[in-house]
Amino acid sequence: MHRGGTQLPTRYFKLPEVAARPRSVRPSAAPPAGAAPDSQHGTHVWPCAVVLAQYLWVHRSSLPGKRVLEVGAGVSLPGLVAAKCGAAVVLSDGEELPRCLRSCRRSCLANGLPRLPVLGLTWGRLAPALLALAPLDIILGSDVFFDPKDFEDLLTTVYFLLEKNPHAQFWTTYQVRSADWSIEALLCKWKLKAVRIPLHTFGADQERLASSSLPGRHTIEMMIISLARSDGT
């Protein structure tokens, strides 16, 4: 895939309280210094979102015209960056999480994208909104592998979308919180394959990323998930 540069020029960046984001993309709320309650996870910018946004920026030349869905979007930093880079983006979060959906909409308004679609999609549920989605090229998800009880529901939804769009990919960043957590068995069960993307290949392995010191202090990884071929590769 063509890489469009290294770091986003500093004039595009703004330093918030905890995580950084492009100046032209303003999340609706700055994250606190400590962990947030479950109900507030979707209202803060977490380090994984900054890393995924960096990947999108480095690959920005490939984004115009691409059809993108962000799952578990919350503040929606990656999706908004993709939209600013020319992709046709749909944002989504749990239909039972109105606060997260409001966060998506506030971020769209703050960034001059009031018509960006925001959908309520609950992982593992074949709801009408999921069935009616237009064709996709890329699915985005930052820190969506957060709670192991949700892993299979998430991958069930990802598999459904990839089966409908066999050439699509799921771009995801996640924070390693426990050595005991793994999705390898679920990937095998759902006939998916994952390719790990080293952070140094897109300039995200630094102590300071996007003017923020947080990404360098966490073990964050990125992978691209796609359908496995019939031979399992």
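This briefing walks through the fold, an aromatic cluster, a helix pair and a few individual residues of the structure above.

The model is predicted, so to speak of local features a pLDDT of at least 70 is needed, side-chain atom pairs count only at pLDDT 80 or more, and totals for chains, interfaces and linings use all residues. Residues are numbered from 1 along each chain as its sequence is written, and side-chain values use heavy atoms, with hydrogens and water left out.

**Overall picture**

- The protein has 6 helices and 9 strands; these are DSSP runs numbered from the N terminus, with helices being H or I of at least four residues and strands being E of at least two.
- Of its 233 residues, 50% count as buried. Here buried means under 20% relative accessible area, exposed means over 50%, and partly exposed is in between, using a 1.4 Å probe and protein chains only.
- Among contacts between residues at least 6 apart in sequence, 74% join residues at least 24 apart; a contact means heavy atoms within 4.5 Å.

- Searching the whole structure turns up 4 aromatic pairs. Rings of Phe, Tyr and Trp (its six-membered ring) pair if their centres lie within 6.5 Å; planes under 30 degrees apart count as stacked, over 60 as edge-to-face and the rest as tilted.
- Tyr 55 and Trp 171 make an edge-to-face pair, with 5.1 Å centre to centre and 90° between the planes.
- This pair links distant parts of the chain, as Tyr 55 is in helix H1 (residues 47-58) and Trp 171 is in strand S7 (residues 169-175), 116 residues apart.
- Tyr 55 counts as buried because its relative accessibility is 4%, and Trp 171 counts as buried because its value is 1%.
- Tyr 55 also forms an edge-to-face pair with Phe 202, at 4.9 Å centre to centre and 85° between the planes.
- Phe 202 is buried, as is Tyr 55.
- Together, Tyr 55, Trp 171 and Phe 202 form one aromatic cluster.

**A charge over a ring**

- Arg 60 lies over the face of Trp 57, 3.9 Å from the ring centre. A charge sits over a ring if NZ of Lys or CZ of Arg is within 6 Å of the ring centre and within 35 degrees of the ring normal.

**Helices H1 and H2**

- The axes of H1 and helix H2 (residues 77-84) come within 8 Å and cross at roughly 20°. Axes are lines fitted to C-alpha atoms, for helices over the stretch in contact, with angles running from 0 to 180 degrees between N-to-C directions.
- H1 and H2 are therefore roughly parallel to each other; that label covers angles under 35 degrees, while over 145 is roughly antiparallel, 65 to 115 roughly perpendicular and the rest oblique.
- On the H1 side, the contact is made by Ala 49, Val 50, Leu 52, Ala 53 and Leu 56, and on the H2 side by Leu 77, Pro 78, Val 81 and Ala 82.
- H2 is mostly covered, with 7 of its 8 residues buried; among them are Leu 77, Leu 80 and Ala 83.
- Just after H2, Gly 86 takes a positive phi of about 105°.

**Two non-glycine residues with positive phi**

- Ser 76, though not a glycine, has a positive phi of about 75°. Ser 76 is in the loop between strand S3 (67-70) and H2, and counts as buried at 1% relative accessibility.
- Asp 143 is not a glycine either, and has a positive phi of about 55°. Asp 143 lies in the loop between strand S6 (138-142) and H5, and counts as buried at 12% relative accessibility.

**Two buried residues and their contacts**

- Leu 162 is found in helix H5 (residues 151-164) and is buried, with a relative accessible area of 0%.
- Leaving aside neighbours within four places in sequence, Leu 162 is in contact with residues including Ile 139, Leu 192 and Ile 225. Leu 162 and Ile 225 are 63 residues apart in sequence and 9.3 Å apart in space, C-alpha to C-alpha.
- Ile 197, in strand S8, is buried with a relative accessible area of 15%.
- Not counting residues up to four places away in sequence, Ile 197 touches Tyr 55, Phe 202, Met 222, Met 223 and Ile 224.
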